Amino acid sequence: MVPDRRMAPRATLPPHPPTGLLVFQPLKRRHCAECRRGPLSLLVLEDAAPRCLDCADLGHLVFLPRGDTALTRRSREESTLSAVVVRFNRRRSRYERQGVLVEEAALARAEQRCLADAEARRRRRVRDARRRAAQDALFAEAFSAEIRRLFPGCPADRARAIAAHASERGSGRVGRSAAGRALTEGAVTSAVVASVRHLDTPYDRLLMSGVPRHEARRRIAAAVETVLRRWTEAGLGSAG
Ligand SMILES: [Zn+2]
């Protein structure tokens, strides 16, 4: 029922295609052979003569332009009477589908079905996002607990901030790496060191003033060590 590249050009197109109804967007000014109305924007060929949609008993149908495949398919499924609208492309020498004519109520039902699908997809996305957020929260909690185990003197809110930062989804930070996932001592420690470097030392200012990274790290190494020792020994102190 859908004309394609194999279909003959307009001159030899059979007046009654084998399946379905065809409606044409004429390239020339055409008038209805029955009621003489025109020029017609859409016409049906009956015995090779143009008829307007009203005379062809298709006047009650509404036009749905091509583009939304699901909506088109469902509109036709819902529609007792439907037609495919085509226009001849001279350059390509073939008829091209422009859309369909369907019953208005059918289109409304089809739109409802598509909306329901979109709503279902939206709800699934929300559920997935919640599940991921819950996983992230669990991971961040475990990460935070591990920081506090290794660095008991690290303030709790600071540990939470480091863990949240490290476990941010898709960030590629240590918390998302395989080592971070496993909460290895090395992964947890490097997240803590990174945080100390940026927040408790002039590291960022050194970088901004043009000090090379390795030189900057060398200059702040002692300061980082001091903070880490304080956070580690605070635990030993409270334990002893
Ligand atoms: Zn007519």
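This is a predicted model: local features need pLDDT of at least 70, side-chain atom pairs count only at pLDDT 80 or more; totals for chains, interfaces and linings use all residues.

Reader: What is the phi of Arg36 near?

Author: Most residues other than glycine have a negative phi, and most peptide bonds are trans. Arg36 has a positive phi, near 70 degrees. Asp47 also has a positive phi, near 50 degrees. Asp47 belongs to the loop between E2 and strand E3 (49-51), and Asp47 is exposed, with 8 C-beta neighbours inside 10 Å.

Reader: And which peptide bond is cis?

Author: The one from Gly38 to Pro39 is cis, with omega near -5 degrees. Pro39 is found in the loop between strand E1 (21-24) and strand E2 (44-46).

Reader: On to the sheet. In what order do the four strands come?

Author: Strands of a sheet pair through backbone hydrogen bonds, either parallel or antiparallel. Here the four strands form an open sheet in the order E1-E5-E6-E4, with mixed pairing. E1 and E4 are at the edges with a single partner strand each, so one side of each has no neighbour in the sheet. From one strand to the next, the twist averages 40 degrees.

Reader: How many bridges join E4 to E6?

Author: Five, and the two strands run antiparallel. Phe63, for instance, has Leu101 in E6 as its bridge partner. H1 packs on the sheet, touching E4 and E6, and the direction of H1 makes about 55 degrees with that of E6. H2 packs on the sheet too, touching E4 and E6, but the direction of H2 makes about 90 degrees with that of E6.

Reader: Which residues of H1 are buried?

Author: In helix H1 (residues 69-78), Thr72, Arg74, Ser75 and Arg76 are buried. Their cover includes strand E4 (61-65), strand E6 (94-103) and H2.

Reader: Last one: at what angle do H2 and H5 pack?

Author: Two packed helices are described by the angle between their axes and the distance between the axes. Helix H2 (residues 104-150) and helix H5 (residues 185-200) pack at about 85 degrees, with axes 10 Å apart. That makes H2 roughly perpendicular to H5. On the H2 side, Phe143, Glu146, Ile147 and Leu150 meet Glu185, Val188, Thr189 and Val192 of H5. The residues of this contact comprise five nonpolar, one polar and two charged.

Terms used:
Residues are numbered from 1 along each chain as its sequence is written. Axes are lines fitted to C-alpha atoms, for helices over the stretch in contact, and angles run from 0 to 180 degrees between N-to-C directions. Angles under 35 degrees count as roughly parallel, over 145 as roughly antiparallel, 65 to 115 as roughly perpendicular and the rest as oblique. Two residues are in contact if their C-beta atoms, placed from the backbone, lie within 7 Å. Ala, Val, Leu, Ile, Met, Phe, Trp, Tyr, Cys and Pro count as nonpolar, Asp, Glu, Lys and Arg as charged, and the others, Gly among them, as polar. A residue is buried if 20 or more other C-beta atoms lie within 10 Å of its own, exposed if 12 or fewer, and partly exposed in between; C-beta atoms are placed from the backbone. Two strands pair if DSSP finds at least two bridges between them.
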